[in-house]
Amino acid sequence: VAVEGSRRPAAVLAMAAGLPDRFFPPPVRQRLGELVDVVPDLVVRDFSTTSARAAMAQAEILISGWDCPPVTAAVLDAAPHLRAIVHTAGSVKGHVTAACWERGIVVSTAASANALPVAEYTLAAILFAAKGVRQAERAYRSRRAVVDLVAEYPWIGTYHRTVGIVGASRIGRRVLELLRPFDLVLSIYDPYLSAPEAAALGARLVGLDELLAGCDVVSLHAPLLPGTRHLVDAAGLARMPDHATLINTARGGLVDQEALVAELVAGRINAVIDVTEPEVLPPDSPLFDLPNVMLTPHMAGAQGNELHRLGAAAVDEVRRYVAGVPFAHPVVVRDLAQMA
Ligand SMILES: NC(=O)c1ccc[n+]([C@@H]2O[C@H](COP(=O)([O-])OP(=O)(O)OC[C@H]3O[C@@H](n4cnc5c(N)ncnc54)[C@H](O)[C@@H]3O)[C@@H](O)[C@H]2O)c1
């Protein structure tokens with residue numbers, strides 16, 4: 001819907017080439033064009049080119065995406081009208097620099113829209129882990145004969161299974177919401193959460209050691225920050241009960257990966273791993289071959305048609321900005337230190 005009678009500020013897209021078509025299918029692109037003047041066919045990857053400089057000299061809104069270069073003081077000096085950065089993805093830490101905050105640029109993120117697919121992936125991973133699906137599948141495939149589930153897999157099942165969530169982040173909270181209908185026992189660890197807040201989310205607030213020792217499935221949703229590197233270390237992994245599953249869709253650096261590989265090679269626990277250090281893993285990493293590991297290529301976040309959700313979220317934020325309404329998903333500078 002066009003914002004009738006209102007001005008159409010100039011906007012610039014800055015992200016990897018090809019991404020705008022993935023974020024904004026034609027009807028959404030049209031909606032965006034009704035709200036703002038976007039320089040046609042310009043997708044900035046380098047703010048120093050002639051076309052980028054010309055566009056930034058007019059721009060009021062920067063619509064950023066993956067691979068947007070840093071918006072430095074020099075970029076801002078050449079963009080005197082810039083007032084807003086609307087990010088079509090999650091973390092803004094890669095491109096929104098201190099200079100942006102100093103100049104009072106307002107910033108929005110699509111992290112909440114990106115949280116949904118991560119939470120869906122996690123829900124599926126938790127339910128399959130609790131049921132022992134991958135272990136039973138493996139046994140059936142290799143034996144091509146009856147698998148005596150009752151005798152061999154007494155530990156499986158989703159009834160009253162204990163699930164621990166690390167981090168009441170956007171994603172962690174969404175995972176807890178999705179887990180509500182099930183007969184699971186939920187715990188959460190987050191140093192910034194109170195016990196009543198945890199209870200309101202349907203989980204019991206516990207310490208990290210207690211969570212690791214007491215949960216059959218542990219899912220990591222904390223941001224990688226200086227204080228969360230190797231949050232789950234060798235001692236923490238050793239606390240996990242036999243047959244437990246560690247799910248990591250957050251960041252590889254949250255886990256001591258060497259210690260994790262050692263535990264997984266020993267075969268005592270299982271893992272669902274979407275993120276590693278480094279990304280991509282070296283071809284000889286044992287994680288590629290271990291039967292008790294499900295390894296995916298950093299795909300839990302928005303992919304395929306889920307990018308349309310991010311694009312729609314960004315266009316909604318542009319609409320708000322043009323209408324003079326505060327962002328629904330602002331990034332607030334004082335929260336940054338705790339944010340992904
Ligand atoms: N696999 C993917 O494709 C994918 C996609 C999106 C996000 N992620 C990752 O998922 C994680 C969550 O993302 P988000 O956008 O929901 O994060 P977020 O920015 O919403 O998380 C911030 C919250 O994390 C919690 N937190 C901070 N420090 C903590 C600590 N020491 N221990 C436990 N909790 C702590 C706090 O509640 C804080 O408010 C991040 O690691 C992010 O990088 C992965």
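Which helix lies across β1, β2 and β3? The model is predicted, so local features need pLDDT of at least 70 and side-chain atom pairs count only at pLDDT 80 or more, while totals for chains, interfaces and linings use all residues. Residues are numbered from 1 along each chain as its sequence is written, and side-chain values use heavy atoms, with hydrogens and water left out.

**View 1. Five strands make an open sheet.** The 5 strands run in the order β2-β1-β3-β4-β5 with parallel pairing; strands pair if DSSP finds at least two bridges between them. At the edges sit β2 (37-44) and β5 (106-108), each pairing on one side only. Neighbouring strands are turned by 20 degrees against each other on average, direction ignored. Helices (H or I, at least four residues) and strands (E, at least two) are DSSP runs, numbered from the N terminus.

**View 2. β1 pairs with β3.** Residues 10-14 (β1) and 61-64 (β3) pair in the parallel sense over 4 bridges. Look for leucine 13 opposite isoleucine 63 in β3.

**View 3. Helix α3 lies across the strands.** This is the helix you were asked to find: α3 (residues 50-58) lies across β1, β2 and β3, at about 145 degrees to β2. Axes are lines fitted to C-alpha atoms, for helices over the stretch in contact, and angles run from 0 to 180 degrees between N-to-C directions; contact means heavy atoms within 4.5 Å.

**View 4. Helix α6 meets helix α9.** The axes of α6 (residues 111-131) and α9 (residues 170-179) come within 8 Å and cross at roughly 50 degrees. Among the contact residues are Leu116 and Leu123 of α6 and Val175 and Leu178 of α9.
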